[in-house]
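Hi,

Here is the structure I promised to pass on. Have a look at it first, and then read my notes below.

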Amino acid sequence: MKEMLFMLADLWMIFAGFFFGWKFIRRYGNYLLGLEWMIVATSGSNFLLWALLGGDEDSFLYTIAYFFDAFSRSVGITLILVLGLMRVTHRYKPSVAVDIGVFALAAAAGLYLQQFRADKLHLGPATFYVVVNVLTTIFLAYFVWRLWRIGARKLALATALVTLAGSVIAITYDFFPIPGDDAHRTLFYTAALATWGFQMFVCFFAYRALHDHNVAAGVEPESSRPSVARA
């Protein structure tokens, strides 16, 4: 039963990542959020394939899983998320060089941090992940406030809830294993994958609400496709 729930949680995250990632690029020209969403979905696809092939910890897929995990926990769903959301909070439009630079930084962080694995607690990297999550949460609290101010209160509450859930996952990830969980941490990853899927799902609609508000206020063109936004 718990394996089935794990698969469903992973499939949900994969769907949310690819579907809403594509929408971020197609509808808003937001490559930061679009590509990061798709990277999370790719990570989920790799994780699912690894699990279906038996969950061998000597498999190359296992190393790839740690790379993607470190990629998004360090820079992806932290710095890249904040820069992507600043498009609707501050009308910040990063240059192509910034887009490429932050993904290169995330790749470098992923390559370095993937060596610190869950067989034991690595205090430095684990603390770093919590710190960057806290900093991201502070910005997301501001993002929630902006949603509340424009009257999107249901979305503000939903964003606050998924942000809180994501913070709980980030804090418990390395420091507080779930009692009774198995060696592969199936219960934890089921909760984490479902939470990350809902974060991407809610974030898209919250972003859309702020974008539409900016368009109605006349401070943002209706289309944010790159050819328009960067012209």
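First, a word we need: a residue is buried when its relative accessible area is under 20%, exposed when that area is over 50%, and partly exposed in between, using a 1.4 Å probe and protein chains only. Please keep in mind that this is a predicted model, where local features need pLDDT of at least 70 and side-chain atom pairs count only at pLDDT 80 or more, while totals for chains, interfaces and linings use all residues. Numbering starts from 1 along each chain as its sequence is written, and side-chain values use heavy atoms, with hydrogens and water left out.

Let's start with threonine 163. With a relative accessible area of 10%, threonine 163 counts as buried. You'll find threonine 163 in helix α6, residues 153–175 (helices are DSSP runs of H or I, at least four residues, numbered from the N terminus). Leaving out residues up to four places away in sequence, threonine 163 touches Thr137, Leu140 and Gln199; contact means heavy atoms within 4.5 Å.

Now the nonpolar cores, which are sets of buried Ala, Val, Leu, Ile, Met, Phe, Trp, Tyr and Cys residues joined through side-chain atoms within 4.5 Å. The largest has 40 residues, and Trp37, Leu85 and Leu147 have the most contacts inside it. Helix α7 gives the most to this core: 11 residues. Apart from it lies another core of 15 residues, including Leu32 and Tyr129.

As for Leu147, its contacts beyond four places in sequence include Ala152, Leu155 and Ala206.

Cheers

Technical notes:
Helix = DSSP H or I, 4+ residues; strand = E, 2+ residues; numbered from the N terminus.
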